[in-house]
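Keep the viewer open as you read.

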Amino acid sequence: MDNTEFLQTNRDVAAALSDHRPVVALESTVIAHGLPRPQNIETAERLEQIVRAEGATPATIAVLDGMLCVGLDRPQLDQIATRQDIKKLSVRDLAIGVAHKWNGATTVASTMWIAHRAGIKVFATGGVGGVHRGSLPDVSADLPQLAQIPMIVVCSGAKIVLDLPATREWLETNSITVVGYQCDEMPAFYSQTSGLPIDVRCDTPEEVAHLFATQRHLDVRSALLVTVPVPSDAEVEQSFLNKVLEDSLAQAERDQISGRNVTPFLLAQMSQRSDGATLRANIALLENNARVAAQIAATLSSVSEARP
Ligand code: PSU
Ligand code: MN
């Protein structure tokens, strides 16, 4: 690895990695662009607490002053949550961010890219990007990174704003193994069900760790996508959700929203139009996914600890 010059792993995370203790990567786009204030900073801190409570070290990832930061302190988290000039950086933007010394939040794609190079194996997020609805086609850069980076990515499926059947097909074509964590179909972000298949069900962190180890033995180099349903008390009712989503998509069309602005726009619209119901679901699933990811990371490091 020769890009370490721009990689800044904070002391906690570096110590945990060198001692082979569990580490969970967390993304920052959800903080800067996915959630409104003040819930964004509250959630960012809560996710770190949850990871710690499970005995793992959180590594929230962002680009600050052109450095690829792995593990943020409280003032750095605050900057991501409150500054107006925080860009949304995917992998195509990383070199620009570094060269121009930008401050930016990392998406699923760029968080995976950085976390993998830092030596982290487990990453938790809300919903991954995918194939958008509409005719363009607009395909999130999250998908090709999932196809290339051997990490465990814990999420609640792809975001409901997407074309979920097309996203499911893309995952299949690109050899990304989809795990249903204590469920038999892929969750659909704010909903527990999508009608779309998983490849395998796992009920425990041990089963996930075993599958990941087997992938590595076989040298299958894609991600293991572990999909976890939103907790039932925060799930948004289907028909209400469909209406809210339809209205939000129509508004995006009227406002001619495109490119990197599509996802944040739709998330904010849905939250407004649902009186915060989708926001509550988003936060609940983020928290739950962080917990599951930490449990998986803990199991992974106890398994590797047992090796001679
Ligand atoms: N999950 C959430 N909220 C978010 C995102 C994911 O619960 O805001 C972010 C992730 O950073 C993901 C990005 O990578 O949305 C996808 O954006 P796009 O569709 O432009 O690739
Ligand atoms: Mn896009």
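Which helix gives the largest share of the shell around ligand 1? That would be α2, with three residues. Both α2 (29-34) and α11 (262-273) put at least two residues each into this shell; helices here are DSSP runs of H or I with at least four residues, strands are runs of E with at least two, and both are numbered from the N terminus. Before going further, note that this is a predicted model, in which local features need pLDDT of at least 70, side-chain atom pairs count only at pLDDT 80 or more, and totals for chains, interfaces and linings use all residues. Residues are numbered from 1 along each chain as its sequence is written, chains are lettered from A and ligands numbered from 1 in the order in which they are written, and side-chain values use heavy atoms, with hydrogens and water left out.

Back to the ligand. There are 18 residues around ligand 1, and E27, K88, S140, D142 and T263 come nearest; a residue gets onto that list if one of its heavy atoms lies within 4 Å of the ligand. Sorted by class, the shell has 10 polar, four charged and four nonpolar residues. For that sorting, Ala, Val, Leu, Ile, Met, Phe, Trp, Tyr, Cys and Pro are nonpolar, Asp, Glu, Lys and Arg are charged, and the others, Gly among them, are polar.

Now for some individual contacts. T263 has a polar side-chain atom 2.8 Å from an oxygen atom of ligand 1, and N282 has one lying 2.9 Å from a ligand oxygen. For H132, a side-chain N or O atom is 3.3 Å from an oxygen atom of ligand 1. These are polar contacts, meaning pairs of N or O atoms within 3.5 Å; within protein, one atom must be able to donate a hydrogen and the other to accept it, and residues adjacent in sequence count only if both atoms are side-chain atoms. Taken alone, ligand 1 exposes 480 Å², and the protein buries 94% of that. The areas come from the Shrake-Rupley method with a 1.4 Å probe, and for residues only the protein chains shown count as cover.

On to the strands, where two count as paired if DSSP finds at least two bridges between them. β4 (residues 67-70) runs parallel to β1 (residues 7-9), joined by three bridges, with L7 partnered by L68. β4 also pairs with β3 (residues 57-64), this time in the antiparallel sense over four bridges, and there L64 has M67 as its bridge partner. The β3-β4 hairpin has two residues between its strands, and D65 takes a positive phi near 55° there.

Then look at β9 (177-181). Four of its five residues are buried, so the strand is largely enclosed by the rest of the structure; buried means under 20% relative accessible area, exposed over 50%, and partly exposed in between (1.4 Å probe, protein chains only). β9 runs parallel to β11 (residues 224-227) through four bridges, and V178 stands opposite L225.

What about charge pairs? The structure holds 13 salt bridges, each one a side-chain nitrogen of Lys or Arg within 4 Å of a carboxyl oxygen of Asp or Glu. One of them links R201 and D184, with the closest N and O atoms 3.0 Å apart. This pair ties together distant parts of the chain: R201 is in β10 (residues 200-202), while D184 is in the loop between β9 and β10, 17 residues apart. R201 is partly exposed at 34%, whereas D184 is exposed at 57%.

E48 and R52 make another bridge, at 3.9 Å. Being four residues apart in α3 (residues 39-53), they are separated by about one helical turn. E48 is buried at 7%, but R52 is partly exposed at 45%.

Finally, helix α6 (residues 108-118) is mostly covered, with eight of its 11 residues buried, among them V108, M112 and I114. At its start, a side-chain oxygen of T107 reaches to within 3.3 Å of the backbone nitrogen of A109. Just after α6, G119 takes a positive phi of about 95°.
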